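Work through the exercises below with the sequence and the structure at hand. Try each task before reading its solution.

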2 protein chains.
Amino acid sequence: MQNEQGQVDAGQETSGHFGPLARPEALTDQVAERLRSAILSGALAPGTHLSVPEIARQLGVSRTPAREGLIALEREGLVEPRASTGVAVIAGGTPEILDLLDIREGLEIMTARRAAERMGADGVARLRALFAQHEVVVERGDLAGHVELDAAFHRLIRDGGGNARLARQLVQIDQQLRVLNSRLSRAQGWSGRAVLRDHKAIIDAIAASDPDAAERHMRAHIERTRAFQLQSAGKG
Amino acid sequence: MQNEQGQVDAGQETSGHFGPLARPEALTDQVAERLRSAILSGALAPGTHLSVPEIARQLGVSRTPAREGLIALEREGLVEPRASTGVAVIAGGTPEILDLLDIREGLEIMTARRAAERMGADGVARLRALFAQHEVVVERGDLAGHVELDAAFHRLIRDGGGNARLARQLVQIDQQLRVLNSRLSRAQGWSGRAVLRDHKAIIDAIAASDPDAAERHMRAHIERTRAFQLQSAGKG
DNA sequence: CCTGTTCATTCTGCATGCAACGCTACATGC
DNA sequence: GCATGTAGCGTTGCATGCAGAATGAACAGG
């Protein structure tokens, strides 16, 4: 007996054990996934210090998977080493966010190009369906729904570009942005309509198989995010 | 007496003064660095299978740092998990290379933009000095020197953009490309002059603080790389 | 001769022991 | 009162033991 108590599923995991058939999925990955969720949901605020033994205790695993889970998150950029000891959830201000937005801009522009070149009629149809939903949500003033559908939009484009590596990198950057932006998420003065206009232009460019236009509109879309960020920082 | 033989410090160990800041450098990092060098130098060819115990034996460390070193390289994209067991040095053909070139294009375009916006006169001077050297080397037909100076050129631009994160991502992508392209490195039909023309245009755009032009020329430069790749693949 | 089974080797992943180090708090000396 | 020493706790990083799984080879049966 190596594991006294299966406390790993102490949280929302409704199944008492891992499925009998399903691969138990490496503990390291479970730990990483747990922490990732906690960080992205805000349960672990930016700057929170994380220690290996502590995580091991709380999740009921030994220190090895706890340690390696943290290493994984560090490679993903969600935690960063802290001076002299341990790691902490990434924290940063406008400069860090702007750096990340640069990366996002470069990558997302490429996904838009490739999507315009490679996405078929079915992909465009999915985009339009999503857009229709999105319009309704924005009209309702539903901020949470808006954020979710916005993410879904970008995901469709990422996947439509057919470059899995690129998509993965972009996901990582987006996650980091979400963490650093957590305070901003209650976005004052958000304009869902402006976002919708951008999305519409991007969809049309993709439908027309026009990579240059897709890139142009995607860039404008992200620049608007940047401007919003700068403006919010200036106010705060 | 945990480590019988310190075979790992066959390199240069600054074992004299590991003060409060200079750690003796973790074994995990040493392992990762060793393997990284071996992969980039071609000593470990693409597709080579790597097992944790084997690496531990060869480097004279225990399995833990060997394992974690491999995990680090996996996160860097230099090795990839192999079906059912272990990891292997990344290997791939034209599709994988094109995917990476997409990422590189997106990122490098942003570095060119930012360099054009932020690089000072001294930075431009360094670029021009490097360019002069590069011209000589190309004139001599020195392929190795050309490759090195080409890398140096892109590095200057990366660093001139002032976005460390972006630079780091780009380095990773470049490393992966170098590995996958290793066969191609004896580039038949390489045209150093075409590269120089591109570089010159990029430098001029940066000197003129013209981000759009810098981006345009950088993109053209990378597209040429892509075309070269496709052509080589077509021939092989 | 080919196919299917079993066994041995080797691997991965997790748990755990251990030494060295940093930080904190408290006690001691000037 | 202030600086210095020091003991304790928590932490990191490495080594190592062990169980389960996968691979490959020897071998029996059709």
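The model is predicted, so local features need pLDDT of at least 70 and side-chain atom pairs count only at pLDDT 80 or more, while totals for chains, interfaces and linings use all residues. Residues are numbered from 1 along each chain as its sequence is written, and chains are lettered from A and ligands numbered from 1 in the order in which they are written.

**Exercise 1. The elements of chain A**

Task: State how many helices and strands chain A has, and give their pattern along the sequence.

Solution. Step one is to count: chain A has 9 helices and 3 strands. Helices (H or I, at least four residues) and strands (E, at least two) are DSSP runs, numbered from the N terminus. Step two is to read the chain in sequence, which gives α-β-α-α-β-β-α-α-α-α-α-α for chain A.

Step three is burial. A residue is buried if 20 or more other C-beta atoms lie within 10 Å of its own, exposed if 12 or fewer, and partly exposed in between, with C-beta atoms placed from the backbone. Of the 236 residues in chain A, 32% are buried.

Step four is contacts, where two residues are in contact if their C-beta atoms, placed from the backbone, lie within 7 Å. Among the contacts in chain A with a separation of 6 or more, 73% are between residues 24 or more positions apart.

**Exercise 2. The sheet**

Task: Find the order of the strands in the sheet of chain A and say which strands are at its edges.

Solution. Begin with pairing: two strands pair if DSSP finds at least two bridges between them. In chain A, 3 strands form an open, antiparallel sheet in the order 1-3-2. Strand 1 (49-50) and strand 2 (79-81) of chain A are the edge strands, and each pairs on one side only.

Next, look at one pair. Strand 1 of chain A pairs with strand 3 (residues 87-89) of chain A in the antiparallel sense over 2 bridges. A:His49 has A:Ala88 of strand 3 as its bridge partner.

In chain B, B:Val87 of strand 3 is the bridge partner of B:Leu50.

**Exercise 3. The two copies**

Task: Say what rotation superposes chain B on chain A, and describe the side of chain B that touches chain A.

Solution. First, superpose the copies by least squares on the C-alpha atoms of residues with pLDDT of at least 70 in both. A rotation of 180° with 0.0 Å of shift along its axis brings chain B onto chain A, with an RMSD of 0.1 Å. The two copies are therefore related as by a two-fold rotation axis. The same surface serves both copies, as 100% of the contact residues of chain B recur in chain A. B:Gly106 comes closest to the rotation axis of the residues of chain B, with its C-alpha at 2.1 Å.

Second, count the contact: 17 residues of chain B are in contact with 17 residues of chain A. On the chain B side, helix 3 (63-76), helix 4 (94-118) and helix 7 (164-180) give two or more residues. Helix 4 of chain B gives the most, with 10 residues.

Third, sort the residues on this side of chain B: 7 are nonpolar, 3 polar and 7 charged. Here Ala, Val, Leu, Ile, Met, Phe, Trp, Tyr, Cys and Pro count as nonpolar, Asp, Glu, Lys and Arg as charged, and the others, Gly among them, as polar.
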